[in-house]
Every structure is written in structure tokens, then in C-alpha cells.
Amino acid sequence: MPSSSRSWWITWRGVGDGGREDVRRMRTLLLDLWYAGHAVAAEAVGRFPSPRGRTAMIEGLGWLAFQLSRDKRRRVERHIDLAFGQDLDGAAKRAIARACFNEFWREMVDWVPGAIEGPLPEDVPVQGIDHLEQALAEGHGAILWESNGFGRRVQGKRVLAARGVRIYQTHGATHLGVLGTSPEPGTWIRRRLRERYVRRECEFVAAVIEIPLDPSIAGGRAYLRHLRRNRVLCMAGDGQIARRLYPVRLLGRTVQFAPGAVKLSRLSGAPLLPLFWMPGGDGAPALEIGPPLRPVGEGDEDVVRCLQGFADALEKRVRRWPHAYRNWHML
């Protein structure tokens, strides 16, 4: 290549690289503004003085998202159809899909201080609290196993805090309230949003522990130290941050779950206690702590057995309250 042509190529390539970097930065900024827009909308709704008005605004945001998020809506509807088949007619399936969007915004608004409606945390019954008490009596700590997408997680944690349970909450590095962010660090907007969510969550949990996107041995040791101090960790049973994921059956299809909680249970002796917020509808809302799941072997089969136990417990509740599941699109 002649020197003049080579010089032109180097210059063009340099401009191209710089242009790609500019595009990446712009994309990250737009994403963070999108996240911030959701947070601002939830804040406005949560601070609205009328409970009836807040409910109407949540349903309005859900309706708007249902109309605009066509790709998500198609995935939600496809997965609902796969789960229920001929057991539900089209109108019932559409109602569940519509509710999925409402539940997302209801959980977003729950993060706003003073916005949660319904009974006071101390008045909500906790079914299966004896499972947690027994685990702590054994002295090896306990792992509360919750779902990322079912029920009202913020309310459930507030109920346990009102009963004096100090929870050490784990979240993935992409956690942003109800939103799951893209893996890049993001701008100062995203960092400020994350700091606000952590600060608000620490009003009802003892600490928030971040699960890095590249899980490390050091991180696992930190979780293990908490359990060996007979503390309560809360982790997502349907989380997907791990070097290796394991297949389980859930709602008519195979999905992948992270094995971290099972391996922690195996190392520490802490039982895995499924944790679910049960909506009202056919009765007063309640928090449920399920019977313990314990790994009994060393192989992958036992990891899958425990993960499938959580998936079965989750599916049982989603089939009973399908309107309370907001992650239909992520199956």
C-alpha cells in the first residue's frame, strides 16, 4: 500500500474507532436516561397523596407500557400460552399479560418511601416463620430464596424487618430496583440511581451485598462468613449470574438458574428456605417461608434437584396467582 494510502487508512480507522466509542457512550447515556425516566415516573406516582390516584396512575403506566412494548408483550403472551395452553381462554391470557406490566410498575412504586399500600408490615402474617427460627437455632445461618419476578419483594422484606429479622440482601451488579440494567458500568446517572436504591433498601435490611458479574472465590467467602455468623442471607433462586447455569423446568419450558445458593448451603449447612409474597385476592396478603431444601450430595444432580425444588415451589404459586408474576417475558 502506498504511504499516502496507508496514511489515509490509519487516519480513517482512527476516526472510525473514535466514532464507535462515541456511539457506545451515547448508547449508554440514552440507556441511563431511560432508567432514570422510569425512576422519575415511579417517584411521581409514589408521592401522589391519594392511594386511589396512585393505583390509577400505576394502571395507566402499565397500560402505556403494554401498548408500546410490543416485543415484550409478544414474549409475555407466548410464554403464558406455553404455560397454560388450553386451560385458559384468550381473554384470560390477555388479562395476565396486561397485569404483568402493572406488576412491574407496582413494584417500582413500592421503592418510594411511604408509597406502599395495604396492611402495615407488622400486621402481615408470616407463614412458616418457624422454619427460619429453627434454622437460626441450629446456628448455621439461613438462606431465604426469593424470586426476582414474583410478588412484592419490597413489602416482604419490610414485613420481616418489622419482626426483627436482620437480612443481608444479595443483588447482582446490574440490579437497579426492579430494573435489570445492561452490564457496562454506566454513567453517573446510573451510579446515583443505584446508590439511592441501596440507601432505601438499607432502611429495612442490614446490608446489601453485591454479586459481581464475574463471580469470584473471594465473593463466595464473604457470603460464607455471614452464614457462619448465623446470619440470614436473601438470594434470588431464579438468578442467572454464574460461570455455569443449570437447567430446570419452569412453566412449560427449560430455563437456566445459577447454583450459588445451593453451593453456599452445601458449604455452610444453612438450609435453603423458599420465600414468597402471597397476594390478597382470595384472602389477606401474607408472606410465606417454605420448608427447607438441603443439598445432600456433591454432584451436579443434587444441585439440579435443589434448583428444581425452588422452580416447583415458584411454579405452584405462579399458577395460583399468575397476575402477580412480572417476569413472563424472561422465561
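Let's start with the open sheet: seven strands in the order β1-β11-β10-β2-β7-β3-β6, with mixed pairing. β1 (126-127) and β6 (207-211) stand at the edges with a single partner strand each, so one side of each is left without a neighbour in the sheet. This is a predicted model, in which local features need pLDDT of at least 70 and side-chain atom pairs count only at pLDDT 80 or more, while totals for chains, interfaces and linings use all residues. Residues are numbered from 1 along each chain as its sequence is written, and side-chain values use heavy atoms, with hydrogens and water left out.

Helices (H or I, at least four residues) and strands (E, at least two) are DSSP runs, numbered from the N terminus. Two strands pair if DSSP finds at least two bridges between them. Strands β3 and β7 pair in the parallel sense over three bridges, and Val 232 in β7 is the bridge partner of Ile 167.

Here are some elements to find in the structure:

| Element | Residues |
|---|---|
| Helix α1 | residues 3-46 |
| Helix α3 | residues 70-84 |
| Strand β3 | residues 167-172 |
| Strand β7 | residues 232-236 |

Now for Lys 72, which lies in helix α3. Leaving aside neighbours within four places in sequence, Lys 72 is in contact (heavy atoms within 4.5 Å) with Phe 101 and His 329.
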